[in-house]
Amino acid sequence: MSGNTTPPPPESMLLTGRLGMQLVRQTAGSWWVFMLRGVAAIIFGLLVFLFPGLGLMFILAFLGAWMLFDGMGSIYQAVKGGHPTGERSRTWLWIDGIISLVAAAVILLAPGVSAIGLLIVTAAWFLLSGGARLMLAFRLSSVLLGLLGAVNILIGAWMLLRPGPGLLAVIWMVALEAIIMGAIMISLGWRLKHIHQNPHQDAGQTRI
């Protein structure tokens, strides 16, 4: 008799799956931080589009404030996650947060930096934070977080490869990315909230 039964997955795959679920459920406790970061990003993007006459310095100051808030959110989540199995995920959260804080410090504390220098700082923030978020997405098996990292990297690469449109155009592009990033953050926070409120759901429903 021919056997049609599928062999059970290796123990290593089962262990990885269980670890991923633990990390997602651990991260779900700070779902509201993702939502706050998403709201802050959308507010920044809308301010730039709705009030283009605010002035470049004000827009840059708000960009720095957004980076600062985003970095503090990542570091809060890194500190909050104390489960030993999530140590690598916490490391990527720390990296994400520190990158955002350094970029914010450059923009807020060095107002005399040239336009091209500001462009490089902002592009580097997108590229490095996007890479950290992709690694975290891999750890959590999160499609939404992976999409967020991919968008960050695409915007950062575009800014470095096509610096010609000028600083104001770059800021508008950053504002558009902020709205997209904010929407993804809110979606991720909403999904994590559902997981946090239903801790005993099965593995398929724990995916983010």
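**Exercise 1. Find which residues make the nonpolar surface patch of about 630 Å².**

Step 1. Start with the rule: members have over 30% relative accessible area and no salt bridge, and nonpolar side chains (Val, Leu, Ile, Met, Phe, Trp, Tyr) are joined within 5 Å. A salt bridge puts a side-chain nitrogen of Lys or Arg within 4 Å of a carboxyl oxygen of Asp or Glu. Areas follow Shrake-Rupley with a 1.4 Å probe.

Step 2. The patch consists of Leu-46, Phe-49, Leu-50, Phe-51, Trp-172, Leu-176 and Ile-180. Helices α2 (31–50) and α7 (167–197) each give two or more of these residues; helices are DSSP runs (H or I, at least four residues).

A note before going on: this is a predicted model, where local features need pLDDT of at least 70, side-chain atom pairs need 80 or more, and totals for chains, interfaces and linings use all residues. Numbering runs from 1 along each chain as its sequence is written, and side-chain values use heavy atoms, without hydrogens or water.

**Exercise 2. Decide whether Leu-50 is buried or exposed.**

Step 1. Buried means under 20% relative accessible area, exposed over 50%, and partly exposed in between.

Step 2. Leu-50, in helix α2, has 58%, so Leu-50 is exposed.

**Exercise 3. Classify the ring pair Phe-44 and Phe-62.**

Step 1. Rings pair with centres within 6.5 Å; planes under 30 degrees apart are stacked, over 60 edge-to-face, the rest tilted.

Step 2. Here the centres are 5.7 Å apart and the planes at 5°, so the pair is stacked.

Step 3. Phe-44 sits in α2 and Phe-62 in α3 (residues 56–80). Phe-44 is buried at 1%, while Phe-62 is partly exposed at 26%.

Definitions and conventions:
Patch = residues over 30% accessible without salt bridge, like charges linked within 9 Å, V, L, I, M, F, W, Y side chains within 5 Å. Buried < 20%, exposed > 50% of the residue type's maximum accessible area, 1.4 Å probe, protein only. Phe/Tyr/Trp six-rings, centres within 6.5 Å; stacked < 30°, edge-to-face > 60°.
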